[in-house]
Each structure stands twice: as structure tokens, then as C-alpha cells.
Amino acid sequence: MPPDGEAQPSIDSDVVALLEDSTEELYESAPCGYLSTLMDGTIVKINKTLLDWLGLSRDEVVRRRRFSDLLTVGGKLYHETHYAPMLRMQGVAGGIALEMKVADGARLPVLITSTVKRGADDRPLLVRTTVFDATDRRSYERELLRARREAEKARRQAEADREQLREALAVLQQSLLPASLPVVPGVETAVHYHTASPIRLGGDFYDLFPLGDERFAFFLGDVCGKGPKAAAVTSLARYTLRTAALQGLDPEAVLSTLNAALLERYADGDPRYCTVIFGVLEPEGRAVGVRLASGGHPPALMLRADGVAQYLPTPAGMLVGAFPQASFTTVRTALEPGDTLLLYTDGVTEARTGADNDLYGYDALQSFATGLAPAQPRAVIDAFAGLLVGFGDGLNDDTALLALGRPHH
């Protein structure tokens, strides 16, 4: 109410007249529908609002129809099997969505709430029902359903597109890797390739191929970046390495050739580079000689027959494609009976482990390899594949593994 001393607001005479409406007038012109029925559903009272919605007259309804007669077939079935029994048991039922028949054949979506009124002896006498027009709500629900269906359709299409992308990328990824490894006399081989994402091309690559005269070349590398651009570098690197090796060049000359090719191809200000370890296998009596050169790649691991695992130092190995004057050095070693040479990419050493999310690192890698030595290539690769699985979400990069071993016999 207004503070003391302030004038009372004036009320228009028309407003006063409206405030003096009778209870019956409020009932008849209420913004919602009202009706009362006997316990058998016979309508004994209905307001003008609901009659207008249904396009019916009072004489057509009162004591001539039951409430269920105003409902559509589906609504009538639900009323008889669910709504009416619930009302009899509980005495009240609210917020039920039904459809009522309009005289012109249309359907009116409504929300109804009913209450059983009892006499002095607690005997049920009447059912009073309030009816709300739910047309706007039904339109909203239909629009929501349509939007959900469109969203589900879009989701299914997106999933189909992703599956097609996965299939296309898998085919492309396989085209960048050898279908299988050739048989190398006196050498056992095994390989494993882990792809970090099925919808992203990996940048790791490897190969093993004959050079003639019982010599074989092998390499394993990692291109900077991911996706189509990295795939283009991978393709160029594999082709160049193979071509240079087949020309009889030493490992360091092969890497120099790739370095020049990358610098020439990407001389437009968008440099692309990679790390590569390249080697040649050649028979040396009981052993298999290995000539090896590295271009910025993690050092190879040698698992010796005596149970020792050691890194093979490859000095002066610079990133391939990064520097015009890059230098590389060829080192020599040999696979004696029982030895296995393991090449790997940095996905394994840069995997995250433990609660502190630390890098796995080279010390842990050497310790793991020492625990395996001596072991043949297949056993080494299987053990490392299990290690990668154990990293779980900590392994977020592609990883390639190539093992070459000289059997005991």
C-alpha cells in the first residue's frame, strides 16, 4: 500500500465493474476450460471457454455426453485404461496430455488435471477437471522433436563421414608403408605401427628392401607434423631414400640426398623436415654387417645375445631438411647370432606416464630393453607393443618399431 501521506491511486469505473464480476462469470470466461462430471463420466457442467474451443453448444454436451466422448480415439483409450483408474485410486490426476475432438474435425492438444470431490460420508460424487490448451506446447514439442531428429540425422551423417574419412586415411596410410617386409636371408624381422588417431595421417614411416648382392637397405623416420602435408613429405622421403639407396650410395650420402631434396621441394618459406635412421645390411661370415647413419633420429638400440641392451651412437646426425650444410656420419656394427637391432620413433620415449605425467624417456626405454635381452625380433616387437598399450592415453603420438635380428642357428 502507498506510504503515509501519499495520495491513493484512482481506479477507473470500468475496472471497478470488472472487479465486481460474479463467480459464475469468472468461471464461464476463464482462460482455461472447466467441466464437472459424475463418477461415470457424464458431463453435468462445462464452461463457455471449453465449449468455444470445441465448437459445441451447452445443450449438445451437458447430460448428453461423457468426458471420454470429447476425446480422440487414442485419448479415449488412454483415459479408460490409465487416467480414469488412476483417478479412482488416487482421487487426483494432473498434467496429463490428451487430445480432444473439435466439431470441425480438428484435434485440440490439451493438458488436463482432475480432482474427485467427495460428500460428507466420503462418497465420491463429482470429478472436476481443468483443461489447458496445449497447442503452443505441442507445436514446441513437435519443433523440438524435429530439431532432435535433424540433429540425430546430422550426427549419423557426421559419423558416416568420419567412417569414410577413417577408411580413406587408412588406405592412404597403408600406401605410405610397405605391405609386408621381404625375407632377408639370415635375418629375422618384425615391425609394429601404432597410429595415434584414426582420422589423422601419421608422420612415421619405415621400409626394408633388397639392394642386390645379398644386401638390404632399411630405414625408419618421423616427419614433422601430421595430416596431408606430412603425408606428402613422407611420400617424398620414402621415394628419395629408396632411389638413393638403389644407386649404391653410402648411408650418409643417402641422407644428404634426402636433405637436398627436401630443401629444394620446400624452398618457398614453408620448410619441412624429418628425422631418419638409415642402414644397410650385408653378410659378414657368421654375422650380418650393419652400416648406419642417423639424421636427428633417436639412437637405435642393440639387444645383445649376452643380455645387454645398448644405444648405438650416431654422431653428427642433424635434422634432415632443416639445414643446407647438414652433415651425417656412417657408423658400423654387426648383428652377431642372438643379437637384435631395434629402431623406433619418439612416440615411445615421449609417452606420458605416472601420476606426474612424466616422459617415459630413454633411461626407461633402455631398462625395458635390457629386461628383454636376449630376444628375437618378434618377441621384442610384441613386448614393445604391449608397452605402448600400457601407456593408455599417455601415448598421444604415432609410433613405429622395426626390429632386425640374427638368429642363433
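Two strands count as paired when DSSP finds at least two bridges between them; strands themselves are DSSP runs (E, at least two residues) and helices are too (H or I, at least four), numbered from the N terminus. This is a predicted model, where local features need pLDDT of at least 70, side-chain atom pairs count only at pLDDT 80 or more, and totals for chains, interfaces and linings use all residues. Residues are numbered from 1 along each chain as its sequence is written, and side-chain values use heavy atoms, with hydrogens and water left out.

**Exercise 1.** Work out in what order the 5 strands of the open sheet are arranged.

*Solution.* 
- Start with the order, which is 7-8-9-10-13, with antiparallel pairing.
- Next, find the edges: strand 7 (204-212) and strand 13 (331-335) each pair on one side only.
- Then zoom in on strand 13, which is joined to strand 10 (residues 287-295) by 5 bridges.

**Exercise 2.** Find which strands helix 7 and helix 8 lie across.

*Solution.* 
- Take contact as heavy atoms within 4.5 Å. Axes are lines fitted to C-alpha atoms, for helices over the stretch in contact, and angles run from 0 to 180 degrees between N-to-C directions.
- Helix 7 (residues 227-246) lies across strand 7, strand 8 (215-223) and strand 9 (274-284), at about 20° to strand 7.
- Helix 8 (residues 251-265) lies across strand 9 and strand 10, at about 150° to strand 9.
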